[in-house]
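Could you walk me through how to read a sheet and its surroundings in a protein model?

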Amino acid sequence: MKKEVRIGFDVGGTFTDGVIVKGKDILSKTKTLTTEDVTSGIINALDDLLTASKVDPQEVGMVSFGTTHTTNAIIERKNLNKVGIFRIGAPATTAIPPLTGWPNDLKEAIGGNENVFIINGGSEYDGRDIVPLDTEAVQNACKELEGKVDSVAITGVFSPMIPDHENRVAEIVKEVLGDDIHITLSQNISTISLLERENSTILNASVISVMQRSINALKDATKKRGIEASLYVVQNDGSVMSSDYAVDYPIFTVASGPAASVRGAVYLSGITDGVVVDVGGTSTDVGYIVDGFPRESAITVTIGGVKTNIRCPDLLSIALGGGTIIKNSGDKVVGIGPESTGYNLVHLGKSFGGPILTVHDVAVARGGLNKNLDIFTNNFVTHPEKIKELSNDLVMNATKNITEMLEVTIDQMKTTPEDIPALIVGGGATTMPKENVSGTTEVINPDHFEVCGAIGATIAEIGAQAEAVADLEVEDREQAINEVIEMAKNNLEIAGGVKDTAEVIDIEEIPFAYMPGKRQKIRVRVKGKVFN
């Protein structure tokens, strides 16, 4: 039997969205409340989908999801691994020790400073040792960590280019602490910058068990329902990776929700360049799309109070959603947000009989809400008499303010002055103005926009990247680039993709002006198919 059916989930703060897709047809879609443990909400959505679609579980060839598991664990400081931390770089890198600048509660949650070791070793950019690796110090440190940690983060100077010392430390850790210990090598996590790469590596090591438990629970749930399909997780760039790969690299999923929405919007609309406005109940995420993928952030990304340099989409979040509170004095709008009724909109919003004026209520008043597509209007008792009490001037002034907030945010995301298409998606999309939004060529709600993230999760493309430093005085530029492309294709295969389908989507060259010779960093991103 050819398995053409795909199931996708998108976990948000309020709702977990799910879809069943066959080809380009949406067979079933659902919105269920997100649960505290997240996984239960996904399983509830899965049961809803299977019941509504009546799909034969044997037809399902792929299950994928975008998740908040890792982000929530870091932000809430819950269920984190105890992490042993090795920096290979003494005596050159001792001035700023690991965990510098971390919030104290997060440091304590992963085991604190007592599990930190700075070891003699590390490499220069050209491959020479700074000093020889002190293997005896590594062995002694491992003996100190025995019984205290269940995960290890290893970061070496220039290890993305010269990984030998990191690899040797990993071998010793396995020898002393056993094969069950989780090991994260910084060479596989991020770019050259030492401190941010180290932070990213430690955070990754801290959430491995969180991701492992959630994936095991989903695998068990799908198996019990007769689904024998591979499980994939959405990455920060909107592509997917195999669940086994996600267990080793959960940090690559921290922005998977917005990234999945971008990919879903592209898939549903056919527009590959423009802006995606993902509207929730409390906030709106705005992302820029280039060639069908979210533009990557060029600045340091802070996660849970820690500066990192992992790949993340370039997003701008504003306090504007369906439940955002509108403050007014008569017909005059005094302010919009940042406060929101959130999931209590159905109790507090005027259109549901409550006392508070929200963005949702203004959309109802101006007749801009498509009742067939609005999840709140369909499922809760409304009070149209409360909306009739609102004056036309108040509704017009509020709409003007909301439109201006959208316009400013879209303008901030643009890199050129030309007008661009805007795709408005998400559960709160029906509340946003569609007319006369300056800076846009058109404002579009694509079909199934309310479950856009879940649809984005079903798109069977794997993403991967690689980077290296080349000295163009002694190396041919084209050959150096081809070598990095080959590395990226190999990484794609490791992530669960078909290597022969790999397609280069970006090549970046950055000269190192402060180094001798003509050295430059070459970075390559590729995408490929999950299936041939």
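The dialogue below goes from the sheet to its helices and then to a single serine.

Q: Before we start, what kind of model is this?

A: This is a predicted model, where local features need pLDDT of at least 70 and side-chain atom pairs count only at pLDDT 80 or more, while totals for chains, interfaces and linings use all residues. Residues are numbered from 1 along each chain as its sequence is written, and side-chain values use heavy atoms, with hydrogens and water left out.

Q: In which order do the strands of the open sheet lie?

A: Strands of a sheet pair through backbone hydrogen bonds, either parallel or antiparallel. Strands here are DSSP runs (E, at least two residues; helices are H or I, at least four), numbered from the N terminus, and two of them pair if DSSP finds at least two bridges between them. The four strands of this open sheet follow the order β6-β5-β7-β8, with parallel pairing. At the edges sit β6 and β8 (182–185), each pairing on one side only.

Q: How many bridges join β7 to β8?

A: Four bridges link β7 (residues 151–156) with β8, and Val152 stands opposite Ile183 in β8.

Q: Which strands does helix α5 lie across?

A: Contact means heavy atoms within 4.5 Å. Axes are lines fitted to C-alpha atoms, for helices over the stretch in contact, and angles run from 0 to 180 degrees between N-to-C directions. Helix α5 (residues 164–177) lies across β5 (83–90), β7 and β8, at about 155 degrees to β7. Helix α6 (residues 194–206) also lies across β5, β7 and β8, at about 165 degrees to β7.

Q: Is Ser123 buried or exposed?

A: Buried means under 20% relative accessible area, exposed over 50%, and partly exposed in between (1.4 Å probe, protein chains only). Ser123 counts as buried because its relative accessibility is 1%. Ser123 is in the loop between β6 (116–120) and α4 (135–145). Leaving aside residues up to four places away in sequence, Ser123 touches residues including Arg128, Asp129 and Phe158.
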